[in-house]
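Visitor: I am new to this structure. Please walk me through some of the terms used for it.

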Amino acid sequence: MSELIIDGKPLAFVEGQTVAAALVAAGRVSWRTTRVGHRPRGVFCGIGVCFDCLVAIDGVGGQRACLIPAREGMTVTTEESTDE
Amino acid sequence: MTSKVVVVGAGVVGAACAFHAASAGLDVTVVDRGAVGAGTTSRGEGNVLLSDKEPGPELDLARLSRALWEEAGEELGSDSIELEAKGGLVVASTAEGLTALRGFALRQATAGVRTEPVEHVRDIEPHLAPGLPGGIHYPQDAQVQPVLAAAAMLHAAVARGARFHTGEIAAAVMGRGDRLTGVRTVAGDVLPADAVVNAAGTWGGEVGRRLGASIEVLPRRGFVLVTEPLPRMVRHKVYSADYVANVASSDAGLETSCVVEGTRGGTILIGASRERVGFDTTMNPAVVARLAAQACRLFPFLRGIHLIRTYRGFRPYCPDHLPVIGPDPRAPGVIHACGHEGAGIGLAPATGALVTAHLLGRSWRGADPAAHTGLLPDRFFTSGGTSK
């Protein structure tokens, strides 16, 4: 198993998994909230269309977790950790 | 005095007509060939603007409508229709442009619009490009989610006894002597009525023809771009001063002048193009590229932001760019309420109130037929009822 770093903590993944798949496999199904009402958001479409699963990867924001393959040592930051 | 009315069209204008007419105690039936807001209502941005209108009949209606949106918000729940008095900011890109904009704003102010000159536009909209010479803040400009608003008004109308038939297409009017007795549908059903409202938006020309009251309503295609969801970066409806000139233009070619605003979902909407291409729904990447480039010039941070989709729709306009609202002099019982171009969302409540006033034969919720004669269909016809 390889590991990436999400919000400062290690997360194990299987080679070939996307970032979103790794998160869901670890039991985490939401990592963003809506601006109004703070309703939970995670993978909705899973194919890059809905932009619900956005994360920052290695400092670049607005990345779709469902499209980006997980890589050893990559740094993922969720909006939940950066939001006011 | 009318008691039974059929409204053709379940867009935001038809819904507002039904809402006001049912509130006035009239017996209302709404028919639409499709779903609520399936036409132009769902293809715009939800503009409730005073800022883009010059003094005249449209601004008079817009001022009333702004007040009636506030009332509708109180009644239906501002949150549920996403009614937000965010204000508009019109920015000039050159010193000459700013002089023209200030002159325009001065004329609007004398017509009752609140205008506030802004010297440093980045004080109120921090992510704008540096170096813009100034602008005008219009605190009354607002935003509403058009489909939610149409559905909420229709729902309230139904709660007051109105009926809504989806999938039903108006075919013709029936009458006896000089009196309307009903509307026949394509399926052959007859809906008894003594008045019918043509609220078919861009398709108002065709519906008018079926009702024996043809009018000229033409489509102008407009694109809207949608970005990925972001934290709050754009606070007002921000647009370039060129927008006003384009709205008033009849040019057949492509015109773009960007309007940028944030939504409650976090996405940023970028409008607005205008093209006269008939009912052609084809994607046009050149329009998307131009709108995006203009938006990036206003808000440089957008260069690093993804577009996630675009949509487009047809803005219904009459040859003189004013909506047509009122009884048709050639066809007893037929009332038009269409041709609002890009302002239909903003003008919907006042249109509904004005139509209701025409139906009642007296003022309704501040809408006095005698105060809005400039919008009557009569302007297109000579006294004999023939086309000018």
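This is a predicted model: local features need pLDDT of at least 70, side-chain atom pairs count only at pLDDT 80 or more; totals for chains, interfaces and linings use all residues.

Visitor: Why are helix 1 of chain B and helix 9 of chain B called oblique to each other?

Guide: Set the angle against the cut-offs. Under 35 degrees counts as roughly parallel, and 65 to 115 as roughly perpendicular. The axes cross at roughly 40 degrees. Helix 1 and helix 9 of chain B are therefore oblique. Their crossing is right-handed.

Visitor: What makes the contact of helix 1 of chain B with helix 9 of chain B, by class?

Guide: It has twelve nonpolar, five polar and no charged residues. Helix 1 of chain B brings residues including B:Val12, B:Ala16 and B:Phe19. Helix 9 of chain B brings, among them, B:Ile345, B:Ala348 and B:Leu359.

Visitor: How do you know whether B:Asn198 is buried or exposed?

Guide: Count its neighbours. Buried takes 20 or more other C-beta atoms within 10 Å. B:Asn198 has 35, so B:Asn198 is buried. This residue is found in strand 12 (residues 195-198) of chain B. Among the residues B:Asn198 touches are B:Val8, B:Leu211 and B:His336.

Visitor: Why do strand 9 and strand 11 of chain B stand at the edges?

Guide: The open sheet has three strands in the order 9-10-11 (chain B), with antiparallel pairing. Strand 9 (170-176) and strand 11 (190-192) each have a single partner strand, so one side of each is left without a neighbour in the sheet.

Visitor: What makes strand 10 and strand 11 of chain B a pair?

Guide: A pair needs at least two bridges. Strand 10 (residues 179-185) and strand 11 of chain B have three bridges, in the antiparallel sense. B:Arg184 stands opposite B:Val190 in strand 11 of chain B.

Notes: Residues are numbered from 1 along each chain as its sequence is written. Chains are lettered from A and ligands numbered from 1 in the order in which they are written. Helices (H or I, at least four residues) and strands (E, at least two) are DSSP runs, numbered from the N terminus. A residue is buried if 20 or more other C-beta atoms lie within 10 Å of its own, exposed if 12 or fewer, and partly exposed in between; C-beta atoms are placed from the backbone. Two residues are in contact if their C-beta atoms, placed from the backbone, lie within 7 Å. Axes are lines fitted to C-alpha atoms, for helices over the stretch in contact, and angles run from 0 to 180 degrees between N-to-C directions. Angles under 35 degrees count as roughly parallel, over 145 as roughly antiparallel, 65 to 115 as roughly perpendicular and the rest as oblique. A crossing is left-handed if the near helix is turned anticlockwise from the far one by less than a right angle, and right-handed if clockwise. Ala, Val, Leu, Ile, Met, Phe, Trp, Tyr, Cys and Pro count as nonpolar, Asp, Glu, Lys and Arg as charged, and the others, Gly among them, as polar. Lists of a residue's contacts leave out its neighbours within four places in sequence.
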